[in-house]
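Student: Here is a structure I would like to read carefully with you, and I want to know on what grounds each label is given. Could we go through the labels one by one?

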Amino acid sequence: MAQLVTPGITLINTMTNTILGPDEVVTKYGVPPELIIDFLALMGDSSDNIPGVPGVGEKTAQALLQGLGGLDTLYAEPEKIAELSFRGAKTMAAKLEQNKDVAYLSYQLATIKTDVELELTCEELEVQPPAADDLLALFRQYEFKRWTTDVEAGKWLQAKGGKPAAKPAAPAAAAEAEEEVEAATALSAEHYVTILDEATLLTWIDKLKQAPLFAFDTETDSLDNISANMVGLSFAVEPGVAAYVPVAHDYLDAPDQIPRERVLALLKPLLEDEKVLKVGQNLNTIAAFWLITTLSCAGLRSIPCSSLTFSTAWLAATIWTVFPTAG
């Protein structure tokens with residue numbers, strides 16, 4: 001994604017809460033945004049199946065691009081490569097020539113297309129007044145109660161040129177109960193944490209041990225319990241207080257994470273303690289997955305929910321709020 005950065009376009013890494021502009025791209029990758037595609041073409045990226053040139057790693061790719069320029073320049077002036085001051089410079093021209101097809105294939109694979117023709121015009125992509133009644137039907141279907149109330153009241157629709165949707169008459173008692181649920185589900189992300197180090201994880205394990213009940217879920221790369229690999233876990237101990245532990249997020253800007261095996265080893269005593277009550281959705285699926293990972297999970301309490309599966313701490317906290325006393 002860094003190839004898209006310009007003075008007017010920046011990237012936000014939501015895992016580390018950092019912003020990358022042109023200068024930050026150079027600091028992080030050693031090359032400016034306009035050479036990121038060449039950078040990936042040379043060194044490859046296994047997470048996106050970009051092969052790259054065999055024997056060219058990050059440092060070598062940086063030296064080539066900083067010394068001479070992009071891929072086209074390297075192949076146009078191969079005799080200058082030997083003059084660069086990096087290990088293996090004298091034989092690099094021959095290596096690049098032998099893998100020219102792979103290099104340009106990698107360049108093509110690494111390129112994010114920005115010239116795709118669209119059937120819609122720019123004018124048609126402008127924000128239109130919301131279709132309040134259609135939106136209300138969806139919110140009611142998926143039981144988004146607070147958003148349903150907002151649409152009915154026109155709180156944010158009127159500001160965008162829409163009209164409030166028709167609100168059905170409701171008994172006073174039902175209206176009061178709905179207001180209580182809405183107040184309970186008005187969550188803030190202020191106390192949501194992404195756990196990237198062992199010290200923070202241990203602090204959260206202590207917090208989970210002391211909680212009378214906590215909600216949790218697992219994020220996997222497949223719905224098949226047998227072949228699935230865990231990529232993260234989420235926990236919530238009370239409304240608005242939750243954490244997510246990534247263990248196998250694999251992409252170019254992914255932060256360092258605690259190894260999955262270490263996370264499971266630290267959580268094993270807690271998850272297998274039947275005295276510590278846990279609440280969650282699809283617990284049969286989760287319990288089956290734990291068995292595959294040689295863990296058992298005790299003290300489980302299931303809750304009713306829609307067919308939607310929560311996979312982050314935000315949704316785990318939401319479900320905790322809506323069903324705080326479910327058994």
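Student: Why is helix 2 called largely enclosed by the rest of the structure?

Tutor: In this predicted model, 7 of the 8 residues of helix 2 (residues 36-43) are buried, so the helix is largely enclosed by the rest of the structure. Buried means under 20% relative accessible area, exposed over 50%, and partly exposed in between, with a 1.4 Å probe and protein chains only. Helices here are DSSP runs of H or I with at least four residues, strands are runs of E with at least two, and both are numbered from the N terminus. The buried residues of helix 2 are Ile36, Ile37, Asp38, Phe39, Leu40, Ala41 and Leu42.

Student: What covers the buried residues of helix 2, and what follows the helix?

Tutor: The cover includes helix 1 (22-29), helix 3, helix 4 (71-76), helix 5 (89-98) and helix 6, where contact means heavy atoms within 4.5 Å. Helix 2 is followed by Gly44, which has a positive phi near 75°.

Student: Before we go on, what conventions apply to the numbering and to the atoms used?

Tutor: Residues are numbered from 1 along each chain as its sequence is written, and side-chain values use heavy atoms, with hydrogens and water left out. Since the model is predicted, local features need pLDDT of at least 70 and side-chain atom pairs count only at pLDDT 80 or more, whereas totals for chains, interfaces and linings use all residues.

Student: How do you know whether Gln62 is buried or exposed?

Tutor: Gln62, found in helix 3 (residues 58-67), has a relative accessible area of 12% and is therefore buried. Not counting residues up to four places away in sequence, Gln62 touches Tyr29, Gly30 and Phe39, and Phe39 is one of the buried residues of helix 2.

Student: Is Ile50 buried or exposed, and which residues does it touch?

Tutor: Ile50 has 5% relative accessibility, so Ile50 counts as buried, and its place is in the loop between helix 2 and helix 3. Leaving aside residues up to four places away in sequence, Ile50 touches Leu40, Gly44, Asp45, Ser106, Leu109 and Ala110. Ile50 and Ala110 are 60 residues apart in sequence, while their C-alpha atoms are 6.9 Å apart in space.

Student: What makes Asn17 and Glu143 worth a remark about phi?

Tutor: Asn17 has a positive phi of about 55° although it is not a glycine, and Glu143 has a positive phi of about 60°, again without being a glycine. Asn17 sits in the loop between strand 1 and strand 2, and with a relative accessible area of 67% it is therefore exposed. Glu143 is found in the loop between helix 7 and helix 8 (145-153), and its relative accessible area of 55% is why it is called exposed.

Student: Why are Phe139 and Met230 called buried?

Tutor: Phe139, in helix 7 (residues 132-141), has a relative accessible area of 10% and so is buried. Met230, in strand 5 (residues 230-238), has a relative accessible area of 2% and so is buried too. The C-alpha atoms of Phe139 and Thr149 are separated by 9.5 Å, and those of Met230 and His249 by 9.7 Å.

Student: What lines the second largest pocket, and how much space lies in it?

Tutor: About 440 Å³ of space lies in the second largest pocket. Of the 23 residues that line this pocket, the closest to its centre are Met1, Leu11, Tyr251, Leu252 and Asp253. On a 1 Å grid over the protein atoms alone, a pocket is an open set of points where a 1.4 Å probe fits, with protein on both sides within 12 Å along at least five of seven lines, and lining residues have an atom within 4 Å of a point. Its lining draws at least three residues from each of domain 1 (2-110) and domain 2 (191-321), the bounds coming from an automatic or database domain assignment. The largest share of the lining, 3 residues, comes from strand 1.

Definitions and conventions: Points joined across faces, edges and corners; volume = space filled by probe spheres on them.
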